[in-house]
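Please look through the sequence and the coordinates below before reading on. The paragraphs that follow move from aromatic rings to charged pairs and then to helices.

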Amino acid sequence: SKKSNKTLNEGKVFNIAFCATITTQKNPILFNEIALFFENDPQVKFTWIGGGELKHLLTSSNITITDWRTKKEVYKNLKQSDLYLSTSEWEGLSLSTIEALAFGLPLVLSNCLGNIDIIKSADYGFLFDTKEKAIDSINILRKNKELYANMSINSLENYNKNYNNHRCGLKYKELYNSLVNP
């Protein structure tokens, strides 16, 4: 059986990350409300990888804001995370979310344009419409080792099947050729 590189260990802090500019589009107010729910639980921590003009809205004491990072530092942050949370109001095809898949992170994404294109099945993540559903999804994943491990494996498989650079290169070549030689 395939093994996940991500495992939940008893007593280990559950790290939840979001990589984005802190703007209205990314809904930092909702991110903060979700974090506030866990504020008194020392086992759950949040990291906002990035910076931006709405930084002051992230007030919950369990949120770390990294400000701007190099690609290498972003990858290090994602590697140390257990879950990827997106509270975006809308997205294109979010590269940060795709990168989270590459690190085997289960996804908890707001049910918006762009995010729904990434989560096509519940095998590697949950979509949410409300703060409560987001919190439930986080709790389900952190309390169920087997489900968590399976979702982690599925995230990685989804990335390798649909998004890795080689595959994207081939897709772009196909698209280019179809446009040049219709």
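Is Phe46 buried or exposed? Phe46 is buried, with a relative accessible area of 1%, where buried means under 20% relative accessible area, exposed over 50% and partly exposed in between, computed with a 1.4 Å probe on protein chains only. This is a predicted model, in which local features need pLDDT of at least 70 and side-chain atom pairs count only at pLDDT 80 or more, while totals for chains, interfaces and linings use all residues. Residues are numbered from 1 along each chain as its sequence is written, and side-chain values use heavy atoms, with hydrogens and water left out.

Aromatic rings give a starting point. Rings of Phe, Tyr and Trp (for Trp, its six-membered ring) pair if their centres lie within 6.5 Å, and planes under 30 degrees apart count as stacked, over 60 as edge-to-face and the rest as tilted. The count under this rule comes to nine aromatic pairs. One of them joins Phe38 and Phe46 in a tilted arrangement, with 6.0 Å centre to centre and 40 degrees between the planes.

Charged side chains come next. With a salt bridge taken as a side-chain nitrogen of Lys or Arg within 4 Å of a carboxyl oxygen of Asp or Glu, the model has five salt bridges. Among them is the pair of Lys12 and Asp82, at 3.1 Å from N to O. Lys12 lies in the segment before strand S1 (14–19) and Asp82 in the loop between helix H2 (71–79) and strand S4 (83–86), so this pair ties together parts that are 70 residues apart in sequence; helices (H or I, at least four residues) and strands (E, at least two) are DSSP runs, numbered from the N terminus. Lys12 is partly exposed at 35% relative accessibility, whereas Asp82 is buried at 3%.

A second salt bridge joins Asp41 and Arg142 at 2.9 Å, N to O. Because Asp41 sits in the loop between helix H1 (28–37) and strand S2 (44–49) and Arg142 in helix H5 (residues 131–143), the pair ties together parts that are 101 residues apart in sequence. Asp41 counts as partly exposed, at 21% relative accessibility. In another salt bridge, the closest N and O atoms of Glu99 and Lys71 are 2.9 Å apart. This pair links distant parts of the chain, with Glu99 in helix H3 (residues 95–102) and Lys71 in helix H2, 28 residues apart. Glu99 is buried at 15% relative accessible area, while Lys71 is partly exposed at 49%.

Helix H3 also takes part in helix packing: H3 and H6 pack at an angle of about 120 degrees, with their axes 7 Å apart. Here axes are lines fitted to C-alpha atoms, for helices over the stretch in contact, and angles run from 0 to 180 degrees between N-to-C directions. The contact (heavy atoms within 4.5 Å) is made by Ile98, Leu101 and Ala102 of H3 and by Ser155, Leu156, Asn158 and Tyr159 of H6. The buried residues of H6 include Ser155, Asn158 and Tyr159, along with Tyr148 and Met151.

Finally, Ile140 lies in helix H5 and is partly exposed, at 40% relative accessibility. Not counting residues up to four places away in sequence, Ile140 touches Phe126 and Leu147.
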